Structures are given as structure tokens and as C-alpha cells.
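This briefing is meant to be read alongside the sequence and the structure shown below.

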Amino acid sequence: MTGLPDEVHRFIHQHIASVEQLEVLLLARRSAARSWSAEDMARELYSHPSSIAGRFQSLRAAGLMRETMSGDFQYAPRSTDLDAMVACVDTMYRERRVAVISAIASRSVENMKAFSDAFRIRKKED
């Protein structure tokens with residue numbers, strides 16, 4: 001569908017809402033021993049700390065990061081399978097960046113379509 005392996009597409013559809021969220025996840029993975037504050041990550045990714053803080057929370061809820069004692073966040077997938085999938089997504093992002101970004105964008109389009117369909121006026125059937 002997107003030129004990506006099915007499992008990568010599924011992972012993106014289930015866990016990645018934006019390119020920024022993917023960038024946060026991959027930077028945290030590449031520096032797995034480090035705990036990141038929202039301010040430090042925002043500086044590194046040229047983003048806003050409040051946006052990064054939201055990404056941290058989403059990734060924590062997905063079982064991909066953990067909050068440290070200091071209130072910072074660190075890459076900590078809840079399973080080795082999840083870690084292997086993030087590694088695969090990392091490779092795909094380096095090798096097929098446009099395909100990965102397209103998969104993320106298509107997720108957003110699907111969400112918007114589902115939202116707009118909820119407001120579609122339908123004829124009453126007799």
C-alpha cells in the first residue's frame with residue numbers, strides 16, 4: 001500500500017500521529033541511555049516544549065517511553081518485539097522517508113474522513 005512492510009504500516013497506524021512524534025521516538029531510541037526533558041528535546045528537534053511534552057505522554061501511553069524520577073522521559077519499549085519494530089521503522093525512515101511520511105499523513109487523512117463522516121446527513125430509510 002505505501003511501499004512499506006505491512007507490520008511497519010500497522011505500527012505507524014497504531015502508534016504514530018505525526019512526523020514530530022516519530023522524530024521524538026527515534027531520537028530517544030538513538031540515545032536510549034539518556035533521559036530527555038521536553039525543553040532539551042524541543043531544542044534538538046527545533047520544536048516547542050509543550051508539543052514535545054504531549055508527544056512524550058503519547059509515547060509513554062503506547063509503552064514506548066517511560067517517565068524518569070526527574071520527570072524527564074527515556075526510550076523504554078515494554079517488549080523486545082516493540083523495540084525491534086521501532087528499529088525497523090527507524091531503518092525504513094532512513095531508507096524510505098517519503099513512504100513513511102506518506103503513511104503518517106494517510107493516517108491523518110483517515111482520521112479526518114472518519115470525523116467528517118460522523119456529520120454526514122443521511123436520508124432516512126422507509
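The axes referred to here are lines fitted to C-alpha atoms, for helices over the stretch in contact, and the angles between them run from 0 to 180 degrees between N-to-C directions. The model is a predicted one, and with that in mind the axes of H2 and H3 come within 11 Å and cross at roughly 105°. Angles of 65 to 115 degrees count as roughly perpendicular, and H2 and H3 are therefore roughly perpendicular to each other.

**Helix packing**

- On the H2 side, Glu23, Val24, Leu27 and Ala28 meet Met41, Glu44 and Leu45 of H3, and by class this contact of H2 with H3 has 5 nonpolar, no polar and 2 charged residues.
- H2 also packs against H4, here at an angle of about 70° and with the axes 10 Å apart, so that H2 and H4 are likewise described as roughly perpendicular to each other.
- The contact with H4 is made by Glu20, Gln21, Val24 and Leu25 of H2, which face Ser51, Ile52, Arg55, Phe56, Ser58 and Leu59 of H4; these residues divide into 5 nonpolar, 3 polar and 2 charged.

**Nonpolar core**

- The largest nonpolar core holds 33 residues, of which Phe11 and Phe56 touch the most other members.
- At least two residues of this core come from each of helix H1 (6–15), H2, H3, H4, strand S2 (73–75), helix H5 (80–95) and H6.
- Once its neighbours within four places in sequence are set aside, Phe56 is in contact with Val24, Trp36, Ser37, Ala38, Met41, Met65 and Phe73.

**Salt bridges**

- Side chains of opposite charge can pair when their charged atoms come close.
- The count for this model comes to 8 salt bridges.
- One of them joins the side chains of Glu20 and Arg55, at 2.7 Å from N to O, and it links distant parts of the chain, with Glu20 in helix H2 (residues 19–30) and Arg55 in helix H4 (residues 49–61), 35 residues apart. Arg55 is partly exposed, its relative accessible area being 22%.
- The side chains of Arg97 and Glu23 also meet in a salt bridge, at 3.8 Å from N to O, and this pair too links distant parts of the chain, since Arg97 lies in helix H6 (residues 97–117) and Glu23 in helix H2, 74 residues apart. Arg97 is partly exposed, with a relative accessible area of 39%, and Glu23 counts as partly exposed at 25% relative accessibility.
- Asp40 forms a salt bridge with Arg43, the closest N and O atoms being 2.5 Å apart; both residues lie in helix H3 (residues 38–45), 3 residues apart, which is about one turn of the helix. Asp40 is partly exposed, with a relative accessible area of 27%, whereas Arg43 is exposed, with a relative accessible area of 57%.
- A network of salt bridges links Arg29, Arg30, Asp83, Asp90 and Arg94.

**A loop residue with positive phi**

- Tyr46 is found in the loop between H3 and H4, and although Tyr46 is not a glycine, it has a positive phi of about 55°.
- Is Tyr46 buried or exposed? At 80% relative accessibility, Tyr46 counts as exposed, because the cut-off for exposed is over 50% relative accessible area.

Methods:
Residues are numbered from 1 along each chain as its sequence is written. Side-chain values use heavy atoms; hydrogens and water are left out. A salt bridge is a side-chain nitrogen of Lys or Arg within 4 Å of a carboxyl oxygen of Asp or Glu. Helices (H or I, at least four residues) and strands (E, at least two) are DSSP runs, numbered from the N terminus. Buried means under 20% relative accessible area, exposed over 50%, partly exposed in between (1.4 Å probe, protein chains only). A nonpolar core is a set of buried Ala, Val, Leu, Ile, Met, Phe, Trp, Tyr and Cys residues joined through side-chain atoms within 4.5 Å. Contact means heavy atoms within 4.5 Å. Angles under 35 degrees count as roughly parallel, over 145 as roughly antiparallel, 65 to 115 as roughly perpendicular and the rest as oblique. Ala, Val, Leu, Ile, Met, Phe, Trp, Tyr, Cys and Pro count as nonpolar, Asp, Glu, Lys and Arg as charged, and the others, Gly among them, as polar.
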